[in-house]
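Biologist: I have a chain open and would like to go through some of its local features with you. Could you put it on the screen?

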Amino acid sequence: MAECVRLDSRSRGHAMDKSITLPPDEIFRNLENAKRFAIDIGGSLTKLAYYSTVQHKVAKVRSFDHTTREASSDKLYEISVQEEVTARLHFIKFENAYIETCLDFIKDHLVNTDTKVIKATGGGAHKFKELIQRKLGLRVDKEDEMTCLIKGCNFVLRNIPHEAFVYAKHADSEFRFQMTQPDIFPYLLVNIGSGVSIVKVESEDKFERIGGSSIGGGTFWGLGALLTKTQRFDELLQLATKGQHTSVDMLVKDIYGGSYGSLGLTGDLIASSFGKSATADKEFSKEDMAKSLLHMISNDIGQLACLYAKLHNLSRVYFGGFFIRGHPVTMHTITYSINFFTKGEVQALFLRHEGYLGAIGAFLKGAEEDNPNQYSWGENYAGSSGLMSISPDMNPMQRVRSGTFDMLEMDRLERQLVNLPLLQDPSSYIPDTMDLTEDALAREYWLYCFEEALEGVVKRAVASQPDMPEAADRAEKFSQKYRHKLQTLRHQPFAYGSLTVRSLLDTREHCLNEFNFPDPYSKIKQRENDVALRYYQKVVGALDELGWEDRQFALVTGVLAGNVFDWGAKAVSDVLESAPEFGFYEAKQQLEERPWLVDSYDQWLQRLKGPPHKCALFFVDNSGVDIILGVIPFVRELLSRGTEVVLASNSGPALNDVTNGELQILTERIAAMDPVIQAGLTEDRLTLVQSGSSSPCLDLSRLDKVLAMVVRERQTDLVIIEGMGRAIHTNYYAMLSCESLKMAVIKNSWLADRLGGKLFSVVFKYELPTGKSSNHSVTPVPS
């Protein structure tokens with residue numbers, strides 16, 4: 001969250017404030033490449049949206065032509081850092097008091113744009129139309145407010161997995177984020193502005209206002225001002241947080257002396273809002289009146305929403321509008337009301353980016369010729385503020401000041417992302433094994449872990465660009481930014497949705513990319529790939545000499561030993577840096593003896609004695625020893641059994657994970673010395689596909705659409721997931737509609753202890769889909 005450098009007392013009012021100084025590296029980023037604008041102006045906040053093209057560095061690999069000895073060295077491929085242009089959406093939210101200064105800033109920094117029109121929505125669009133046109137020289141084209149809200153809501157629900165949350169005031173974590181379901185429709189949107197509009201949304205372009213009320217946020221504000229003489233909305237809510245509504249409201253027990261059992265009414269229920277004010281001969285406090293008023297209006301809206309949800313058989317009800325705006329007291333009262341009237345059958349859902357919906361929708365209306373919805377978009381954590389702290393104890397003026405500017409950035413992804421077709425129930429799939437938002441001990445450990453690892457990441461980032469003298473300065477800026485993100489997440493773990501090991505890793509990757517370090521481990525991967533290739537034929541030859549049963553066990557331990565080589569694990573990176581001679585056979589010695597921590601090997605071996613699988617989808621992990629000496633021999637055996645294999649690797653770099661570009665080159669080289677792999681490629685029984693991910697973890701609900709198509713076409717009946725990030729931090733509990741095999745070595749002593757094991761404990765988890773008969777049982781997961 002960016003704050004102003006300079007403010008004076010005039011910022012406290014609603015008048016135009018020209019005293020603000022904007023940090024251009026934080027706000028209105030990449031404005032010189034802005035292409036299209038939209039604006040949503042409400043009663044107190046302005047939300048600006050624009051599209052820009054972002055130039056950043058990407059790491060590319062290119063195979064040397066070894067037949068012509070193009071390369072003067074023995075390296076398998078060369079690494080180059082190239083410039084690439086991608087699309088980014090920027091959304092900025094600020095108080096209306098700063099609109100003139102912000103428009104001046106945009107005018108001064110806007111260059112090379114063909115934009116002639118700015119799409120506008122919101123009640124203030126008419127009020128500021130002349131100012132916008134005069135400052136920016138753009139024609140203001142007003143869009144329907146409700147249409148923009150719906151378009152914006154659809155967009156965030158489709159593209160941000162942890163967009164929606166349930167608010168639980170008294171829980172350890174007040175935010176409980178919901179994974180977005182594959183089909184976001186239908187849903188009910190209750191927009192609480194001055195009044196209330198209730199909209200049923202059935203598809204991208206089909207929605208209907210089915211009801212509403214004149215009693216909404218404006219009613220609370222207006223009556224509150226009359227009762228308390230408080231003019232500011234936030235201050236009125238602050239009063240309500242300190243009040244006791246029972247001093248003003250008449251309860252059931254005030255009338256009947258207790259509960260009204262025959263009607264099922266408890267004594268603490270409100271029988272009459274403000275009921276005591278008619279008979280009590282005393283003055284009521286501002287706080288108590290504000291609290292009573294808040295309950296009265298929230299209960300009315302909640303009951304109305306429940307009735308419409310039941311009438312139209314809708315279970316998803318989202319609340320938005322300035323009445324909500326992230327205020328804990330309004331979210332709590334709405335949640336309580338919904339729980340009461342539906343007896344817990346319907347949950348009140350709120351949105352992290354609720355304030356941006358109108359601006360997003362207006363932007364999408366102006367960009368229809370580019371059809372942004374044909375792409376998948378991802379939140380850029382490096383450039384987004386995240387959900388701000390909304391503690392009710394914060395003074396309202398501090399709260400406004402802490403949120404002077406709020407930003408959201410969305411990057412267009414190269415691949416369109418969809419669900420893995422083999423998820424047993426996509427609507428209940430949760431990628432992450434551990435929610436650090438709710439587990440305070442785990443959260444503190446992992447935040448400390450990532451902070452401790454930062455120095456090593458900086459060192460490797462600089463080393464990956466030896467010919468760039470400014471790399472050290474950029475690396476220091478990366479370090480400062482990521483450290484700041486970690487501090488933010490320590491105090492606001494809910495900032496980007498559920499805090500997980502995956503989100504911590506992804507935030508780090510986003511920050512590295514922000515400072516043009518696309519692949520800090522590129523040199524390490526290149527070196528380890530070259531070394532591992534020299535041992536490939538020796539490893540395969542040794543396997544071929546074994547009997548069938550011994551070979552199956554050696555193949556599994558080979559994958560597990562290869563998986564030890566993970567530079568993302570400190571216990572391993574320390575060993576690899578201090579003992580370069582540590583290799584494949586040394587790693588095998590580190591593995592624990594059977595029985596393993598999770599051990600389904602006997603069941604897997606029994607399955608292999610049956611008919612071959614039709615097609616195996618293998619999500620691979622690390623470069624070097626892992627992929628070359630562990631995974632490929634395992635794949636070779638599957639091919640020999642008659643099973644087709646799809647190797648899914650990362651689309652972009654993350655730690656020392658092998659990328660699709662690298663894997664293509666490695667597989668070609670291996671095929672040149674292994675007829676089994678060569679035949680697999682030639683006969684189209686071995687296929688290499690991008691996963692669509694650039695993360696060390698794996699979200700099976702956001703995979704490359706091409707991969708999903710291949711999975712269907714090949715009638716995949718076995719999914720193999722390898723590695724700590726993909727099989728333990730994520731997908732440990734993932735249920736699939738086919739057989740699955742999850743293999744990993746635990747390279748973190750804290751996590752091993754949490755799972756009941758020790759460092760280098762083995763997880764070998766073979767599972768059948770629920771309901772499929774089997775002659776054997778599957779080992780239960782550790783508690």
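Biologist: Which backbone nitrogen does a side-chain oxygen of Asp 674 reach at the start of helix α21?
Modeller: That of Val 676: a side-chain oxygen of Asp 674 comes to within 2.9 Å of the nitrogen, where α21 (residues 675-682) begins. Please keep in mind that this is a predicted model.

Biologist: And what follows α21?
Modeller: Asp 684 follows α21, with a positive phi near 60°.

Biologist: Turning to α22, what caps its N-terminal end?
Modeller: Asp 704 does, through a side-chain oxygen 3.0 Å from the backbone nitrogen of Val 706. Just after α22, Gln 715 has a positive phi of about 55°.

Biologist: Which residues of α22 are buried?
Modeller: In α22, residues 705-713, the buried ones are Leu 707, Ala 708, Val 710 and Val 711.

Biologist: Why do they count as being on the same side of α22?
Modeller: Because the arc they cover around the axis is only 160°. In general, an α-helix has 3.6 residues a turn, so residues three or four places apart point the same way.

Biologist: Which residues are exposed on the other side of α22?
Modeller: Arg 712 and Glu 713 are exposed there.

Biologist: What do the buried residues of α22 pack against?
Modeller: They pack against strands β17 (417-418), β19 (615-619), β20 (644-649), β21 (686-690) and β22 (703-704).

Biologist: Now for the seven-stranded open sheet: what is its strand order?
Modeller: The order is β7-β6-β14-β13-β8-β9-β10, with mixed pairing. At the edges are β7 (175-178) and β10 (207-213), each of which pairs on one side only. Ignoring direction, neighbouring strands in this sheet are turned by 35° against each other on average.

Biologist: How many bridges join β13 to β14?
Modeller: Four bridges join β13 (residues 316-320) to β14 (residues 347-351), and the two strands run parallel. Within this pair, Val 317 stands opposite Ala 348 of β14.

Biologist: Which strands does helix α3 lie across?
Modeller: Helix α3 (residues 145-159) lies across β8 (187-192), β9 (196-201), β10, β13 and β14, and it runs at about 125° to β8.

Biologist: Finally, the whole chain: how many helices and strands does it have?
Modeller: There are 24 helices and 25 strands. Of the 783 residues, 59% are buried. The chain exposes about 32200 Å², of which carbon and sulfur atoms supply 49%.

Biologist: What share of the contacts with a separation of 6 or more comes from residues 24 or more positions apart?
Modeller: Such residues account for 74% of those contacts.

Conventions. Residues are numbered from 1 along each chain as its sequence is written. This is a predicted model: local features need pLDDT of at least 70, side-chain atom pairs count only at pLDDT 80 or more; totals for chains, interfaces and linings use all residues. Side-chain values use heavy atoms; hydrogens and water are left out. A polar contact is a pair of N or O atoms within 3.5 Å; within protein, one must be able to donate a hydrogen and the other to accept it, and residues adjacent in sequence count only if both atoms are side-chain atoms. Two strands pair if DSSP finds at least two bridges between them. Axes are lines fitted to C-alpha atoms, for helices over the stretch in contact, and angles run from 0 to 180 degrees between N-to-C directions. Contact means heavy atoms within 4.5 Å. Buried means under 20% relative accessible area, exposed over 50%, partly exposed in between (1.4 Å probe, protein chains only). The arc is that of the directions from the helix axis to the C-beta atoms. Accessible areas come from the Shrake-Rupley method with a 1.4 Å probe; for residues, only the protein chains shown count as cover.
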